[in-house]
Amino acid sequence: RPPVEGEEEDWTTTRRHTRRDTSAGHCENLATRSVLCDVRRRRRPAPRERREGKGNENENYCFCILWREDRMGIMDFGFDLRTDLVKQHDFMNMFILPLIGLMSVFSTLTGNPTSCLVVIRTLITYMACDAIYIALRPGSVPSAKLVLFHHFVSVCGLSHGLRFAPAIREVAAYGLIEIHTSFMTYRRLTGLRSPSFEAVFHIVTVLVRLVFIPGLALVSIRNLYGLGVLFKPSGMPGLSAVLGLSIFNIQFLLKRKAMFNYSGKKQQ
């Protein structure tokens with residue numbers, strides 16, 4: 001039963017069950033369909049006897065069972081992954097973006113060529129796959145054109161690291177941006193708005209978007225100049241990436257409220 005206005009509820013327990021099909025006389029296999037049974041204790045509006053001072057105090061409580069199913073597994077996070085394109089995209093990103101951010105921290109601090117190459121190749125693969133996904137499902141992001149532009153110039157810049165070995169550390173450092181993206185995605189996915197989390201999120205936003213990205217752009221320009229390819233055809237992918245990512249960062253900051261809180265439209 002849906003919650004009634006004015007009711008109070010508190011969680012008591014959550015159990016995993018099979019669901020019995022009484023017409024067929026068998027239980028469905030958990031391996032093929034997972035079902036989450038939420039047992040909630042709700043306070044009903046006080047009955048007339050209770051309002052008049054009669055009856056038992058416990059009469060205005062009831063237990064109700066709510067069945068929830070999720071085609072993506074026995075995972076109920078308070079949103080429906082079956083119909084929400086934004087949540088689907090954010091949910092999948094949470095498996096890869098934090099990992100990329102952590103790998104980039106390691107490669108940037110150590111300068112290990114192998115780890116730098118792993119970060120760069122992982123980012124190229126992710127950008128390519130995500131671009132295809134967004135092209136097929138543009139409603140999963142706030143601005144599909146802007147994000148596709150970002151992915152295109154990112155791949156151009158990442159390819160610079162594969163062609164010029166002295167630049168791999170600076171190029172791999174761009175993966176640190178995914179730390180901020182991970183915070184933003186988690187915030188948008190879960191709806192978490194606690195004061196402590198918001199403080200951390202906005203500090204990371206300022207450090208990454210206003211300090212780190214402009215500084216890394218200057219380092220990249222210096223690297224292109226040091227390699228002698230700043231205005232040569234071989235340096236155009238790298239230069240295009242620096243200029244393109246700078247433009248994207250400005251647009252991101254101008255549209256930050258939409259980026260931070262985008263919910264999209266549910267799939268019909």
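Where does UniProt place the feature "transmembrane region"? The unreviewed entry puts this feature at residues 91–111, 199–222 and 234–254. UniProt positions are given in the numbering used here, feature names are shortened, and annotations may be inferred rather than shown by experiment. The structure is a predicted model, in which local features need pLDDT of at least 70 and side-chain atom pairs count only at pLDDT 80 or more, while totals for chains, interfaces and linings use all residues. Residues are numbered from 1 along each chain as its sequence is written, and side-chain values use heavy atoms, with hydrogens and water left out.

The secondary structure of the chain comes to 10 helices and 5 strands. Helices (H or I, at least four residues) and strands (E, at least two) are DSSP runs, numbered from the N terminus. The chain has 268 residues, and 38% of them are buried. Buried means under 20% relative accessible area, exposed over 50%, and partly exposed in between (1.4 Å probe, protein chains only). Of the contacts (heavy atoms within 4.5 Å) between residues at least 6 apart in sequence, 68% join residues at least 24 apart.

Residues 91–111 are 81% helix and 0% strand, with 31 Å between the end C-alpha atoms. For residues 234–254 the end C-alpha atoms lie 32 Å apart, and the span is 90% helix and 0% strand.

Helix 9 covers residues 236–254. From the first C-alpha to the last, helix 9 reaches 27 Å over 19 residues, close to the 27 Å expected at 1.5 Å a residue; the expected span is 1.5 Å times one less than the number of residues. The buried residues of helix 9 are G238, L239, A241, V242, G244, L245, F248, N249, F252 and L253. An α-helix has 3.6 residues a turn, so residues three or four places apart point the same way. The cover over the buried residues of helix 9 includes helix 5 (144–163), helix 7 (177–190), helix 8 (195–227) and helix 10 (256–261). M236, also in helix 9, counts as partly exposed because its relative accessibility is 33%. Neighbours within four places in sequence aside, M236 is in contact with L230 and F231. C156 is 80 residues from M236 along the chain, and their C-alpha atoms are separated by 8.7 Å.

Helix 4 (residues 113–136) has 24 residues and a reach of 35 Å from first C-alpha to last, close to the 34 Å expected at 1.5 Å a residue. Its buried residues are S115, C116, V119, I120, L123, Y126, M127, D130, A131, Y133 and I134. Helix 2, helix 3 (97–110), helix 5, helix 6 (168–172) and helix 7 are included in what covers them.

The axes of helix 2 (residues 85–93) and helix 4 come within 12 Å and cross at roughly 170°. Helix 2 is therefore roughly antiparallel to helix 4. Axes are lines fitted to C-alpha atoms, for helices over the stretch in contact, and angles run from 0 to 180 degrees between N-to-C directions. Angles under 35 degrees count as roughly parallel, over 145 as roughly antiparallel, 65 to 115 as roughly perpendicular and the rest as oblique. In this pairing, Q88, H89, M92 and N93 of helix 2 meet Y126, D130, Y133 and I134 of helix 4. By class, the contact has 4 nonpolar, 3 polar and 1 charged residues. Ala, Val, Leu, Ile, Met, Phe, Trp, Tyr, Cys and Pro count as nonpolar, Asp, Glu, Lys and Arg as charged, and the others, Gly among them, as polar.

K87 lies in helix 2 and counts as buried because its relative accessibility is 15%. The C-alpha atoms of K87 and V141, 54 residues apart along the chain, are 9.7 Å apart. K87 is also one of the contacts of R188, which include V86, D90, P142, M259, F260, N261 and Y262 as well. R188 is found in helix 7 and is buried, with a relative accessible area of 10%. Between R188 and D90 there are 7.8 Å from C-alpha to C-alpha, although the two are 98 residues apart in sequence.

R187, likewise in helix 7, is buried at a relative accessible area of 5%. Beyond four places in sequence, R187 is in contact with L192, R193, F197, E198, F201, F260 and N261.
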